[in-house]
Amino acid sequence: MINIPEGAKEAALEAAEELSKETRKVFNNFVSQVSCTDNFNALQQGLDCTPLDASGSKQRGGDVTLDWRSDPFISMSDLTLVIYDGSTQGGVYYHVHTLLLAYGGRKSGFIAEQIKNSSNRISNKNNSMASSNKKSSGIYRQESDNSARSQNSNAEYKVDIYLPTLASQHTPLFLDYIYGSTLKLTTQTASSLRYLSNRFDVRDLHKEITTKFIPSDLEINTASMYCIHSDILKDFELRDKSIRIIAEKFGSVNVKLLKDIIPKLMRSIISCDRLDCNGDGSGTNGGSIGLSEKVAEYIRFRDAISLTKDTVSSGKNDVNREASLLSPTSNSGQTDQDTKQSTPSISDEDFYWLTHVQYMPRISPKEALFYYNYGSQYTQVMAEVGSGSLKSRCLVANCDIIALEKLTTHLEYSEHNKLELYSELEMKNKVELLESTLVGARKLLSKKDEEYKVRNEEDRDVQASNEMMYKNNRESSSAAAAVSNSDGVMMKVVVLGSGVEHANGLYIYKGYASTSPSNIVYKKEAIWNQQPVTFLLYPTQSGQFYTQYKLGVRSSNNDGKQKNERIKVLYNSPTVMSSSMGTDGSSGGVIPEQAWEVENEEGLQPAPQFVGRIEQPQASRSWKEGMKHSLP
């Protein structure tokens, strides 16, 4: 905003008259002899306007190059740009040129608008002095004793603008671009230059950064830097995009790249609806375990950074301590007083949300002791009760076999297997942990016993099923002549590789289905879940021209008779053309050997890997008699 005191025109005339005749002569000579035929190209190249002699050639020694880095008097700067970022009291002065900033090929819309509307923002001297004390941007007429005068500047006006420190550090690079330099964008400078181009309304630069460079440069390895810089610059659009990229690949990201992210941003990443931790493949719990490991590693890095800063400020260098913080279990042998931090690097609120049960319902057994030890610094968080509290989740995770082996190894061989995370605990916490692990060990033993029992029962069922299968096979083979079908073929089917182990083996042809006389049925008697069952393999119509085979199970009575229960389908075959069935539905049917699928959630993975029919020729009576006559 321009503020010119009363009598501004008179003062300007008086100031002009005070100029020496020689100065005005030099200036007029310069204006009359400058030749810039192509203004756009000249502005892009730094506006090298050289006085011409009578013949039209450039005079030597009279070059005037517009350069903000040059002496403001020599470069004839007519505008002072003052950047305030809080690092210095008086701001940083840049002696620039209105011709480039307001009218050049890479002009600033903000500066042009200030100059264009300056006539509408003239106020009295008192208002000008009052507004100069406010933190707002605008254009002002400089007083005769202004500090810019003391810096050998002829500029009559100045622009005050307030920028974040991160953006102000790249102001020289930004001005170089406006003055025609080729700009080399990098991950470190892109966010700041995007902010400056938006603040100064340099649209070509903003478009180039936003639509070309950042989309090609923003990926998992650079997203953390963009996230940090955009948060400082309050560029929420770029920040949220960076958070989503980190969250989508959080399981594969290197935590070292996230160590400089403040806890507030880490909370945003964890709460992102696109968070994918790539845990152990067991859904939410698997992701939760992977998340707990990542967050624990992040906390240790943050502590290491905080410790490094404290060491530098106090003149100490404790490398061993920093290394111990980067390891989940340290064996450095330091005392409790040396290893404990006086001030946590993460606030109570941040720690609470980073470990909240909504995002971390389960904790990795590898990090359970770390959370239990580290949480002792946050009494309010660890004072919570209930199954969802951090303490409860830590105690449950410490009952896992991995955590138990680590703790028991330390207790048995404490001199050779030090576990400082346990040694640093207070006595009451040690007792609480040991009581919990004792109960957990008992549950593990009971679980193992139950698994052995179930396995033994399954083995007995499989053995009994195999015995029944062998018996039925022998009976069907010996009675082949008596039970031969119309085609003279004894049919059997073998099933291999299904997830239901009891369903694997030989299926015997048992005639036709009562509901559809044209459909043959193969059966296999077995014991499943300690109950007699019958596995059935039969075809069904799938549309008008296709047939599909199904493998199901039906309960049986102890005497082998079928119960009046529906068949529970376990597996389905791919469909085949109905024309491949025989005319009588028994001898010409083609059973698909592979590509079987599980029926919804009824069957168990995997589906049968091979299903094939076995045809056994029956021994004819004439053949047997011929054998008798051929004997001596």
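Me: What makes helix α9 (residues 171-178) count as mostly covered?

Reply: In this predicted model, 6 of the 8 residues of α9 are buried, where buried means under 20% relative accessible area, exposed over 50% and partly exposed in between, with a 1.4 Å probe and protein chains only. The buried ones are T171, F174, L175, D176, Y177 and I178. Helices are DSSP runs of H or I with at least four residues, strands are runs of E with at least two, and both are numbered from the N terminus.

Me: What covers the buried residues of α9?

Reply: Elements in contact, meaning heavy atoms within 4.5 Å, include β3 (79-84), β4 (92-96), α4 (98-103), α8 (165-168), α10 (187-199) and α11 (203-217).

Me: Why is Y571 called buried?

Reply: Because its relative accessibility is 0%, and the limit is under 20%, Y571 counts as buried. Y571 lies in strand β12 (residues 568-572).

Me: What makes the pair V500 and Y571 a polar contact?

Reply: The backbone nitrogen of V500 is 3.3 Å from a polar side-chain atom of Y571. The rule asks for N or O atoms within 3.5 Å; within protein, one must be able to donate a hydrogen and the other to accept it, and residues adjacent in sequence count only if both atoms are side-chain atoms.

Me: Why are C277 and C399 called buried?

Reply: C277 has 9% relative accessibility and C399 has 15%, so both fall under 20%.

Me: How many disulfides are counted?

Reply: The count is 0, with a disulfide taken as a pair of cysteine sulfur atoms within 2.5 Å.

Residues are numbered from 1 along each chain as its sequence is written. Local features need pLDDT of at least 70, side-chain atom pairs count only at pLDDT 80 or more, totals for chains, interfaces and linings use all residues, and side-chain values use heavy atoms, leaving out hydrogens and water.
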